[in-house]
Amino acid sequence: MLSEFLVTEINKVGAQDALPLHRLLYESLRRAILGGKITAGDRLPSSRKLSQDLDVSRNTVVAAINQLTVEGYLVSHVGSGTFVSDNLSKVSLARKQTARTEPGHCTQLSKRGRALAETFCASELEVQPFTPGIADFSAFPVQLWQRLQNKYWRMTYPDMLDYSSSGGYAPLRRAIANHLRMFRSVILDPSQVLITSGTQQSLELCAQLLADHGDTVWLEDPAYWGAAKAFMATGLKLHPISVDQEGIAPDAADNAHAPRLVYVTPSHQYPTGAVMSLARRHLLLAAARKHDAWILEDDYDSEFRFTGHPLSSLEGLDQDGRVLYMGSFSKVMYPGLKLGYLVVPKALITSFKQAHYDLNRPGQMHLQAALAEFIEMGHFASTLRRAKQSHAQRRQCLLEALAPCLGEHACITGAEQGLHLCLKLPPQVDDAALAKALGGFGLTVRPLSAYCLARRDIRGLVIGYGYTVQADIAASGKRIADMVASVTATPAAKKAGRKAA
Ligand SMILES: Cc1ncc(COP(=O)(O)O)c(C=O)c1O
């Protein structure tokens, strides 16, 4: 019976996805068709009958049927009812279904596609307590932002609606240049600022324009997975270099793998939090000079510095224009804004603008205009000030909650800046299992090992404090501390801890 099948499917789909009822019914009916439960030419029970059998409203049934009709699964004949479309052969539908649902569909991906789909990446649940890298955007001044956007939407200049070939809205580029000159010691002219849809796009552009397929990119190990993916997608060879407490540490063996690009997060290594020392900065600049390589400086969270002054950028030390500096508005504003910037050496900016236009068709000029005014009127500075205060409190609360588990086998790194800290554990600890266990309590800490490309010698937890309700941090932090204490108390970990000491 179709109705019985539909009830079962609705329950099954509903258990996996919190969808509205009409979507559940739509999906269940679609499955009935794709699975051959009802076939071409079969007549559907009337919407009234279906609504009675399934105990749902008639509107729900009609919405589901309408959607399937629009998509061509069903046809309606006035006066005679709704039928499964004749145009859908069962064979092609079955194939379509198999391709969508079976793991074997990976074989249809390119080699690169498989590598991208199967390697490490963000957790599925992006925004949960302790998710690293996410700020508390619940305090964002939404109404003010809305007013500014409305203001620009009322100005109907056609060029605001078009793609932009100019590298971005000029006042925004100026505002960014001023900000970077003042706070990050980046030496630049506004014409060097290219507005992108965030760091991910800045990285892709650099890889596309500055390196060829098969070229080598040096990157930190452990690394920001987003960068690794951008380089994989552009066919670059990843050469991971271990990070220590002074940042990336290339040695003679690494120099045998001449890089075209070097990707670093010098102000706050992601995810360990190491700050690149001055000696390392000079060493890296010298290595880049030697190999005629470009350095990509990802300065993703330096606005959130909690102790001392903000650190100067690597770009500020660069004498030969081989550092491309990138920043993002994802942290101080909100991630879905999808706006960031890339500071490009003068000699390259025209090529970057052109290629960016051809590859990405940039736009969003209303958003850019609103953001420029947001910065110019001082709202960015005040939003940042408030965000820093509230993040400083969360950070302090988390540090206090974690304190009891610290000691011989556990230490915190990288807590001076940013939106996350790293709780380092002995190499024998199964950090993935630990993170999974904490996930069972709705806490999305990430295992440090999940960020590692080649190395197997570091373990720990990467813990964000941005998107965690302040009042919950003490209790949830205690849960983390208790679990960490229980795993570091195992004989293996104790032995490892003694060895490390
Ligand atoms: C190291 C690093 N760089 C950059 C970003 C931000 O990238 P986007 O501007 O694409 O949001 C993140 C986000 O979490 C990050 O962790």
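A polar contact here is a pair of N or O atoms within 3.5 Å; within protein, one must be able to donate a hydrogen and the other to accept it, and residues adjacent in sequence count only if both atoms are side-chain atoms. With that in hand, a backbone N or O atom of Gln200 lies 3.2 Å from an oxygen atom of the ligand. Please keep in mind that this is a predicted model, where local features need pLDDT of at least 70, side-chain atom pairs count only at pLDDT 80 or more, and totals for chains, interfaces and linings use all residues. Residues are numbered from 1 along each chain as its sequence is written, and side-chain values use heavy atoms, with hydrogens and water left out.

**Domains**
- The domain assignment, whose bounds come from an automatic or database source, gives domain 1 (2-99), domain 2 (139-377) and domain 3 (382-500).
- Between the C-alpha centres of domain 1 and domain 2 there are 48 Å.

**Ligand site**
- Around the ligand (a heavy atom within 4 Å) you will find residues including Tyr224, Tyr263, Tyr270, Asp298 and Tyr300.
- Thr199 places a polar backbone atom 2.8 Å from an oxygen atom of the ligand.
- Lys331 uses its side chain instead, with an N or O atom 2.9 Å from a ligand oxygen.
- The protein buries 87% of the 400 Å² that the ligand exposes when taken alone (Shrake-Rupley method, 1.4 Å probe; for residues, only the protein chains shown count as cover).

**Nonpolar cores**
- A nonpolar core joins buried Ala, Val, Leu, Ile, Met, Phe, Trp, Tyr and Cys residues through side-chain atoms within 4.5 Å; buried means under 20% relative accessible area, exposed over 50%, and partly exposed in between (1.4 Å probe, protein chains only).
- The largest such core has 63 residues, and Phe329, Leu461, Ile463 and Ile480 have the most contacts inside it.
- Helix α15 (residues 365-376) gives the most to this core, eight residues; helices (H or I, at least four residues) and strands (E, at least two) are DSSP runs, numbered from the N terminus.
- Because domain 2 (139-377) and domain 3 (382-500) both give residues to this core, it lies between them.
- A second, separate core of 26 residues includes Leu194, Leu296, Leu324 and Leu348.
- Ile480 is in contact (heavy atoms within 4.5 Å) with residues including Phe130, Leu402 and Leu438, leaving aside neighbours within four places in sequence.

**Arg459**
- Arg459 belongs to strand β14 (residues 459-464) and is buried, at a relative accessible area of 16%.
- A polar atom of the Arg459 side chain lies 3.4 Å from the backbone oxygen of Arg456.
- Beyond residues up to four places away in sequence, Arg459 touches Leu423, Asp431 and Ser449, among others.
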